[in-house]
Amino acid sequence: MSKLYNIKNWTRQNLWAWMVENAETQSKMQAFRADQIFYWLYQQKVESFAEMLNISQEIRKMLEEHFWISSMKIAESQKSQDGSIKYRLLLEDGYSIECVFMPHTNHNTVCVSSQVGCGMGCDFCMTGTMGLVRNLKTAEIIDQILTVWGDLPDEQNLRNIVFMGMGEPFHNYKNLLQALEILTDKHGFNFSQRRITVSTSGLLPKIRRFGKERIKTNLAISLNGVTDDVRSKLMPINKAYNLEELIKVCREFPLESRRRITFEYILIRNLTDSIEDAKGLIRLLHGLKFKINLIPFNSTPISKYQVPSPEQARKFQKYLLDHGVVAPIRISKGQDIQGACGQLVVGAKT
Ligand code: SAH
Ligand code: SF4
């Protein structure tokens with residue numbers, strides 16, 4: 001029989017339900033099997049059913065008849081002076097995506113892609129110039145993490161995951177949710193929900209829906225402008241969902257105690273980096289539980305915008321800090337290898 005399903009597209013609940021339907025023994029036993037399979041796949045990170053030692057031969061044979069286990073090839077990797085590594089990973093159909101590893105003393109982070117390209121068309125973003133090629137499957141999201149992890153020295157592990165690579169994660173909602181399910185599953189990767197951040201350009205219906213999900217990861221919103229004029233110029237989505245609506249949805253977003261929404265704000269010279277803008281930011285976000293990541297614009301080969309001066313970026317930040325707003329300046333890692341925010345662009349079939 002042909003191997004139909006890539007097992008990494010399946011949550012543990014789905015796998016369990018399939019086993020109850022397709023195997024003869026009691027359902028309790030099948031739940032236990034699904035737990036074991038997840039343990040082998042995501043904690044031991046095996047790449048074949050044969051390696052799942054405590055699973056009977058009979059079940060392994062059944063798995064082999066119906067499922068296969070994907071893996072991803074590294075097409076290219078580039079190490080930056082700051083230690084971050086940008087990977088180009090090859091997909092089954094010949095497209096490729098990028099994924100960036102960022103080292104930190106005790107919380108290594110991986111920045112993953114959710115789509116090949118992106119359909120949101122933000123004016124400052126290289127990925128946006130590609131348009132949307134296609135959504136990534138759940139397994140392709142999971143395989144990015146496994147591939148980067150597999151490339152780390154033995155004693156190293158990954159603590160944080162940010163969905164800030166190529167693509168708009170909420171445009172690929174179902175596969176994103178399944179991937180989050182597998183990542184946070186205690187039998188799977190067992191990542192803490194607090195160590196995962198999903199960043200969106202502001203798809204309001206999906207933000208609302210995300211707030212109602214059982215899995216509660218951190219939410220980041222790419223704000224980038226404090227007036228509708230500026231934000232619409234930078235991000236076409238603002239014409240569909242304007243700032244007033246966006247902020248209203250943020251106010252209604254259910255946050256657990258001690259959590260805050262992160263707003264990403266790009267500092268672009270003479271467009272978004274004035275003290276007026278900083279004032280506008282404080283006015284706009286007043287009353288919300290939030291923090292701001294200030295991202296100095298990264299120059300891209302086609303860019304019509306300019307990087308802010310370091311002094312102006314510091315002035316902007318100081319104004320926020322003086323008004324009690326937490327606002328670290330995120331100097332993007334991997335600038336020398338074009339691995340920084342907004343510089344990810346690949347995707348052509350190779
Ligand atoms: N599509 C999602 C997540 C990926 S983009 C989103 O837009 O939120 C990740 C971050 O990179 C966003 O906050 C975006 O504003 C930022 N970014 C994109 N291009 C950039 C550039 N040229 N310079 C600095 N930041 C950029
Ligand atoms: Fe897409 Fe995010 Fe880039 Fe906008 S900033 S084009 S949403 S990847």
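Colleague: Which domains does the domain assignment of the protein chain give?
Modeller: The assignment gives domain 1 (5–68) and domain 2 (75–337). Bear in mind that this is a predicted model. The C-alpha centres of domain 1 and domain 2 lie 34 Å apart.

Colleague: How many residues of domain 1 are in contact with domain 2?
Modeller: On the side of domain 1 there are 16 residues, in contact with 16 residues of domain 2. Contact means heavy atoms within 4.5 Å.

Colleague: Which residues of the largest nonpolar core touch the most other members?
Modeller: Phe163, Phe189, Leu285 and Ile292 do, in a core of 103 residues. Helix H6 (residues 173–184) gives the most to this core, 7 residues.

Colleague: Why is this core said to lie between domain 1 and domain 2?
Modeller: Because domain 1 (5–68) and domain 2 (75–337) both give residues to this core, it lies between them.

Colleague: What does Ile292 touch, not counting residues up to four places away in sequence?
Modeller: Ile292 touches Phe263, Tyr265, Leu281, Leu285, Leu320, Val325, Val326, Ala327 and Pro328.

Colleague: And Lys291, where is that found?
Modeller: Lys291 is in strand S13 (residues 290–296). Leaving aside neighbours within four places in sequence, Lys291 is in contact with Arg260, Ile261, Thr262, Phe263, Val326 and Arg330.

Colleague: Why is Lys291 called partly exposed?
Modeller: Its relative accessible area is 26%. Buried means under 20% and exposed over 50%, with partly exposed in between, so Lys291 counts as partly exposed.

Colleague: What makes the pair of Tyr5 and Trp10 tilted?
Modeller: The ring centres of Tyr5 and Trp10 are 5.0 Å apart and the planes stand at 55°. Rings pair if their centres lie within 6.5 Å, and planes under 30 degrees apart count as stacked, over 60 as edge-to-face and the rest as tilted. The angle of 55° therefore makes the pair tilted.

Colleague: Are Tyr5 and Trp10 buried or partly exposed?
Modeller: Tyr5 has 34% relative accessibility and counts as partly exposed. Trp10 is buried, with a relative accessible area of 14%, and the cut-off for buried is under 20%.

Colleague: How do you know that Phe170 and Phe210 form an aromatic pair?
Modeller: Their rings are 5.0 Å apart, centre to centre, with 55° between the planes, and the pair is tilted. The limit for a pair is 6.5 Å between centres.

Colleague: What makes this a pair that links distant parts of the chain?
Modeller: Phe170 sits in the loop between strand S9 (160–163) and H6, while Phe210 is in helix H7 (residues 204–211), 40 residues apart. Both Phe170 and Phe210 are buried.

Colleague: How many aromatic pairs does the structure hold?
Modeller: There are 17 aromatic pairs. Phe38, Tyr42, Trp149, Phe189 and Phe191 form one aromatic cluster.

Colleague: Which residues are around ligand 2?
Modeller: Around ligand 2 are Cys118, Met120, Gly121, Cys122, Phe124, Cys125, Gly128, Gly167 and Ser201.

Colleague: How do the residues of the shell around ligand 2 divide?
Modeller: The shell has 5 nonpolar residues, 4 polar and no charged. Cys counts as nonpolar and Gly as polar.

Colleague: Why is Ser114 called buried?
Modeller: Ser114 has 2% relative accessibility, and buried means under 20%, so Ser114 counts as buried. Ser114 is found in the loop between strand S6 (109–111) and strand S7 (115–117). Not counting residues up to four places away in sequence, Ser114 touches Asn135, Leu136, Met166, Gly167, Glu168, Pro169 and Asn172.

Colleague: What is phi of Lys45?
Modeller: Phi of Lys45 is near 60°, a positive value in a residue other than glycine. Lys45 is placed in the loop between helix H2 (27–43) and helix H3 (57–66), and at 27% relative accessibility Lys45 counts as partly exposed.

Colleague: Why is Asn270 called exposed?
Modeller: Asn270 has a relative accessible area of 70%. The cut-off is over 50%, so Asn270 is exposed. Asn270 lies in the loop between strand S12 (261–267) and helix H11 (275–285), and has a positive phi of about 60° although it is not a glycine.

Methods: Residues numbered from 1 in each chain as written. Chains lettered and ligands numbered in written order. Predicted model: local features only at pLDDT ≥ 70, side-chain atom pairs only at ≥ 80, totals over all residues. Heavy atoms only, no water. Near = heavy atom within 4 Å. Core = buried A, V, L, I, M, F, W, Y, C linked by side-chain atoms within 4.5 Å. Buried < 20%, exposed > 50% of the residue type's maximum accessible area, 1.4 Å probe, protein only. Helix = DSSP H or I, 4+ residues; strand = E, 2+ residues; numbered from the N terminus. Domains from an automatic or database assignment. Phe/Tyr/Trp six-rings, centres within 6.5 Å; stacked < 30°, edge-to-face > 60°.
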